[in-house]
Amino acid sequence: MRGNYRSRQLLDLCRDQPCMLMLDCCTGGGEDTVACHSNQLVHGKGMSEKASDVFAVPGCAACHRELDQGFTMNKAMKADAWNLAYWRWQRHAWELGLFKVAA
């Protein structure tokens, strides 16, 4: 795929959701929840370019900061944490009916 997919609707789905990253610093999410993009090349992350919006999960501001700028985890640990959060988010969003299949 050339370029990264951008969708304000996907990013807006993350608002007011619980934090899916759930790192040690987690505040739980809700009012301070933001879309946390993957930092992995496989998801489209590059120099000065975020991953595609389909690879964003809800995260509290503390977890987002730790994922992007923290020093308590190495790169592999951060990738593992984000991947786990992604699958939590997929299940949560489908169960709540946030994602819909187009007819």
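Modeller: A residue is called buried when its relative accessible area is under 20%, exposed when it is over 50%, and partly exposed in between, using a 1.4 Å probe and protein chains only. This is a predicted model, in which local features need pLDDT of at least 70 and side-chain atom pairs count only at pLDDT 80 or more, while totals for chains, interfaces and linings use all residues. Residues are numbered from 1 along each chain as its sequence is written, and side-chain values use heavy atoms, with hydrogens and water left out.

Let us start with Cys36, which counts as buried at 0% relative accessibility and belongs to strand E1; strands (E, at least two residues) and helices (H or I, at least four) are DSSP runs numbered from the N terminus. If contact is taken as heavy atoms within 4.5 Å, and neighbours within four places in sequence are left aside, Cys36 touches Leu21, Phe55, Ala56, Val57, Gly59, His64 and Trp82. Cys14 lies 22 residues from Cys36 in sequence, yet their C-alpha atoms are 8.7 Å apart in space.

With a disulfide defined as a pair of cysteine sulfur atoms within 2.5 Å, a search of the whole structure finds 0. For Cys14, which is in no disulfide, the nearest cysteine sulfur is that of Cys36, at 7.5 Å, and Cys14 is itself buried, with a relative accessible area of 1%. Cys25 is in no disulfide either, the nearest cysteine sulfur being that of Cys63, 4.0 Å away; Cys25 is partly exposed, with a relative accessible area of 29%.

Around these residues we can turn to the nonpolar core, meaning a set of buried Ala, Val, Leu, Ile, Met, Phe, Trp, Tyr and Cys residues joined through side-chain atoms within 4.5 Å. The largest has 24 residues, and those with the most contacts inside it are Leu21, Leu23, Val57, Cys63, Trp82 and Trp89. At least two residues of this core come from each of strand E1 (34-37), strand E2 (56-59), helix H2 (61-69) and helix H3 (75-96), and H3 gives the most, with 6 residues.

Trp82 deserves a separate look: leaving aside neighbours within four places in sequence, Trp82 is in contact with residues including Leu21, Cys36, His43, Phe55, Val57 and Leu67. His43 lies in the loop between E1 and E2 and counts as buried at 12% relative accessibility; with the same exclusion of sequence neighbours, the contacts of His43 include Ser38, Phe55, Trp82 and Asn83.

On a 1 Å grid over the protein atoms alone, a pocket is an open set of points with protein on both sides within 12 Å along at least five of seven lines, and lining residues have an atom within 4 Å of a point. About 210 Å³ of space lies in the largest pocket, where grid points are joined across faces, edges and corners and the volume is the space filled by probe spheres set on them. H3 supplies the largest share of the lining, 4 residues.

Key
On a 1 Å grid over the protein atoms alone, a cavity is a set of points where a 1.4 Å probe fits but cannot get out, and a pocket is an open set with protein on both sides within 12 Å along at least five of seven lines; lining residues have an atom within 4 Å of a point.
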